[in-house]
Amino acid sequence: METTIQHTKRHIIIEVLCYILLTLILCFLFQELTRPKYMSHPYEGAMMAEYYEAETEHDVIFLGDCEFYETISPVTLWEDYGVSSYVRGSPQQLIWQSYYVLQDTLKHETPKVVVFNAMEMKIGEVQSEAYTRLTLDGLKDLRYRLQAAELSLKDENESLLSYAVPLLRYHSRITDLQKDDFNYFFRRDLISHHGYLMQTSIAPQTEEPFQTPLFDYSFPDTCWEYLDKIADLCEENDIELVLFKAPTISWQYPWYEEWDAQLVDYAEERGIRYINGLSYADDMGLDMTTDTYDKGVHLNVYGAEKCSRFLGNILRNDYSVPDGRLDDTQAAAWAPVCERYHAARGDK
């Protein structure tokens, strides 16, 4: 009798565990179905996660928003200088988010140089949950994703837990599923080229950019705090930090001399380098009648390649970044990356 009771208890326990396991599997499948795939607009949301698919090691990591992922071409850096790099960028990536993206990166590799987008210094408050999701949904390390998300909650109704369990945020999409949700259930296409989002069209800049004067040119305190954190983190890991302002300016994205002066002083104080790309646009050979796809707001692939060659020369000559093309393993890993890039560019 006792043996029968024990057998029954064991059977019940097994059944309960099976039900729990089945429920978890169904929840996981439901979550994967409803979470955004980012294989169509806004496809920038797919880029953060693509970093983990790269089969190459990176001596240079770029951290920034659209000013970087539409300005820096890692394939050009590789082909012209042998610099192995990756752009860890996303739309309107905020400086504290970049800090945790760097923390996440250091769990996978330690680059020789980190280049940080100076434009991130101008925004010290969360702009929208949508942009935060485009940055953090693809961040692999849960600890850093949650730490960045906690600083990025826009209102009290937004759930921090939903950054760990996307089902809590996206379950309502079940009534609005698209073809992509089924086609990309368990797979994703590559959107970027090592973090670079290629634009091949041309829309010339036809008007001189204008800048509305500000009452206060001070950067937010939060931005200074996290720039210090990024600088400290790089110093702790023997990484050279470079601040870079992309060589583009427009009424949407102005850049003031007062901002520039603050970063010049900061770089001198911290013993790091600050490069204002606007001052070197002519050296890069930029022509804003051919090198932009949106009337001067961002560069197209032809402008990005010019800017990348300018930076590649600095990285190789001033920071002793090795020529990875001499490493057969690295060269083999980069070969398909370059082939895909040139196919997308329309090269024969």
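Predicted model: local features only at pLDDT ≥ 70, side-chain atom pairs only at ≥ 80, totals over all residues.
The model contains an open sheet of 5 strands. The strand order is S2-S1-S3-S4-S5, and the pairing is parallel. Strand S2 (85-89) and strand S5 (273-276) form the edges, each pairing on one side only. From one strand to the next, the twist averages 20°.

Helix H13 packs on this sheet, where it touches strand S1 (60-64), strand S3 (113-117), S4 and S5. The direction of H13 makes about 160° with that of S5.

## Strand pairing

S1 and S3 run parallel and are joined by 4 bridges. In this part of the sheet, Ile61 stands opposite Val114 in S3. S3 is also joined to S4, again in parallel, by 5 bridges. Here the bridge partner of Asn117 is Phe244 in S4.

Strand S4 (residues 240-245) pairs in turn with S5 in the parallel sense, over 4 bridges. Leu243 stands opposite Tyr274 in S5.

## Burial of strand S3

In a regular strand, side chains alternate between the two faces of the sheet. For S3, both faces are covered. Val113, Val115 and Asn117 lie on one side, Val114 and Phe116 lie on the other, and all of them are buried. Because 5 of the 5 residues of S3 are buried, the strand is largely enclosed by the rest of the structure.

## Packing of helices H5 and H10

Two packed helices are described by the angle between their axes and the distance between the axes. The axes of helix H5 (residues 95-106) and helix H10 (residues 221-236) come within 8 Å and cross at roughly 15°. An angle under 35 degrees counts as roughly parallel, and H5 and H10 are therefore roughly parallel to each other. Their crossing is left-handed.

On the H5 side, the contact is made by Ile95, Trp96, Tyr99, Tyr100, Leu102, Gln103 and Leu106. H10 contributes Thr222, Cys223, Tyr226, Leu227, Lys229, Ile230, Leu233 and Cys234. By class, the contact of H5 with H10 has 12 nonpolar, 2 polar and 1 charged residues.

## Backbone features in loops

The loop between helix H1 (2-34) and helix H2 (47-50) holds Pro42. A cis peptide bond joins His41 and Pro42, with omega about 0°. Tyr38 also lies in the loop between H1 and H2. Although Tyr38 is not a glycine, its phi is positive, at about 60°. Tyr38 counts as buried because its relative accessibility is 12%, and the cut-off for buried is under 20%.

Lys295 is another residue other than glycine with a positive phi, here near 65°. It is placed in the loop between helix H12 (281-284) and helix H13 (301-318). Lys295 is exposed, as its relative accessible area is 58% and exposed means over 50%.

Note on methods
Residues numbered from 1 in each chain as written. Heavy atoms only, no water. Helix = DSSP H or I, 4+ residues; strand = E, 2+ residues; numbered from the N terminus. Buried < 20%, exposed > 50% of the residue type's maximum accessible area, 1.4 Å probe, protein only. Axes fitted to C-alpha atoms, helices over the stretch in contact; angles between N-to-C directions. Parallel < 35°, antiparallel > 145°, perpendicular 65-115°, else oblique. Left-handed = near helix turned anticlockwise from the far one by under 90°. Contact = heavy atoms within 4.5 Å. Nonpolar A, V, L, I, M, F, W, Y, C, P; charged D, E, K, R; others polar. Pairing = 2+ DSSP bridges.
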